[in-house]
Amino acid sequence: MVTRIALTGLASAVSVVSLTLTGPAGAAPALPAGIRPAEGLRPLEWRTRPLEWGTGPLTVAALPRITYVAHRGGAREVPENSMTGLVTAYERGTAQVLDFDTRLLRDGTPVVFHDETLNRTTYLGGEVRGLDAREWRGVRLRPTDALPGSWRSERPPTVADVLDRLGGRIVLMLEAKDPRSLDRLAGLIRARGLTRSVFVNSNDPEVARRVHRLGLLTQLWRSARQLRTDRPERWRSYVDLLDVDHRARDADLARAVKSGIRRVWAHTVVTDAQRDRVLALGCDGVITDAPGRLARTGRQGTGRGPQRGARP
């Protein structure tokens, strides 16, 4: 059951921020000068097709040598796991990957949300899995006062919303909080041609193996405690990205880097010193709540900040 908590008159009247790629209803947006819709595409199709795609979506092959990831969209800079936050992080260009969390509603709809319950980040209370898609449309996020800038409340997106808005424009990273969602997530990713553009994350090696068998990019995250006894080389045949806790011991991080897994990125980094340490130990990615600040100081201080990767 969902219970309302701390719901004020202002909160009940708040409107959803509109984030749409189209212009006025029924009108296709104007294309930039010199750009024509792809051959054979009807207006409805090219209106939602990312113009940056060209002949295909941006893939992991375009990632730079040192990659910055906006964790939950950059939770110290934007409202976490919100469409506004993810789009803002994309537009700022300080991260090459956008991370978000996913959960499953009662009717099987995958949605973008971190916690099991609604209490911390919305005006409601109760379990996320207790809602269906219709009820989800009534949920509103509650931006924290600690964020810089001014943010409006909005409906938390579904996974399909994010894939449709940002898929192919930037590499995405989604954590499957509920392993039962894997088949549905795989269907959404495949239907949009994004199998080389989206990492699917889990803390469970067996779930990671399932992700690999589904033909998706596999990400496995591990805590500092787990890394003490892990043997990451055992996973190199099916893990595309090892996501390690920056608090792990130097020896454990070094072993992860030498495991043979192609990408080793560290989470959740929030200071320059943390970033510089994991990069010095050989990690080639930084998962951070503050991508704008860390990427900026990375360019100025170490020369190893983000670079725009060439399109494959």
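Colleague: Which residue in E10 stands opposite Asp 243?

Modeller: Asp 243 stands opposite Trp 265 in E10; the labels come from DSSP runs numbered from the N terminus, H or I of at least four residues for helices and E of at least two for strands. Please keep in mind that this is a predicted model, in which local features need pLDDT of at least 70 and side-chain atom pairs count only at pLDDT 80 or more, while totals for chains, interfaces and linings use all residues. Residues are numbered from 1 along each chain as its sequence is written, and side-chain values use heavy atoms, with hydrogens and water left out.

Colleague: How many bridges join E9 to E10, and which way do they run, parallel or antiparallel?

Modeller: Strand E9, residues 241–245, is joined to E10 by five bridges, and the two run parallel; strands are taken to pair if DSSP finds at least two bridges between them.

Colleague: What lies on the E11 side of E10?

Modeller: Three bridges join E10 to strand E11, residues 285–288, and these strands also run parallel, with Val 286 in E11 as the bridge partner of Ala 266. The chain crosses from E10 to E11 through helix H10, residues 272–280, in a right-handed β-α-β crossover, meaning that, with the strands pointing away from the viewer, the path from the first strand over the helix to the second runs clockwise. A right-handed β-α-β unit is also made by E9, helix H9 (residues 250–257) and E10.

Colleague: And is E10 largely enclosed or open?

Modeller: Six of the seven residues of E10, which spans 263–269, are buried, so this strand is largely enclosed by the rest of the structure. Buried means under 20% relative accessible area, exposed means over 50%, and partly exposed lies in between, with a 1.4 Å probe and protein chains only. Trp 265 counts as buried at 1% relative accessibility.

Colleague: What about Arg 262, buried or exposed?

Modeller: Arg 262, in the loop between H9 and E10, is exposed, with a relative accessible area of 66%. Leaving aside residues up to four places away in sequence, Arg 262 touches Asp 240 and Asp 284, where contact means heavy atoms within 4.5 Å. Its C-alpha atom is separated by 8.0 Å from that of Arg 236, which is 26 residues apart along the chain.

Colleague: Changing topic, how many aromatic pairs does a search of the whole structure find?

Modeller: The search finds two, counting rings of Phe, Tyr and Trp (its six-membered ring) whose centres lie within 6.5 Å, with planes under 30 degrees apart called stacked, over 60 edge-to-face and the rest tilted. Phe 113 and Trp 136 have ring centres 5.7 Å apart and planes at 85 degrees, so this pair is edge-to-face. Both Phe 113 and Trp 136 are buried.

Colleague: Which is the pair with Trp 265, and why is it edge-to-face?

Modeller: Phe 199 is its partner, and the pair is edge-to-face because the planes are at 75 degrees, with the centres 5.7 Å apart. Phe 199 belongs to strand E7, residues 198–202, and Trp 265 to E10, so the pair ties together parts that are 66 residues apart in sequence. Phe 199 is buried too, at a relative accessible area of 0%.

Colleague: Last one: what is the phi of Arg 72?

Modeller: Arg 72 has a positive phi of about 55 degrees although it is not a glycine, and most residues other than glycine have a negative phi. Arg 72 lies in the loop between strand E2 (67–70) and helix H3 (83–92), and counts as buried at 16% relative accessibility.
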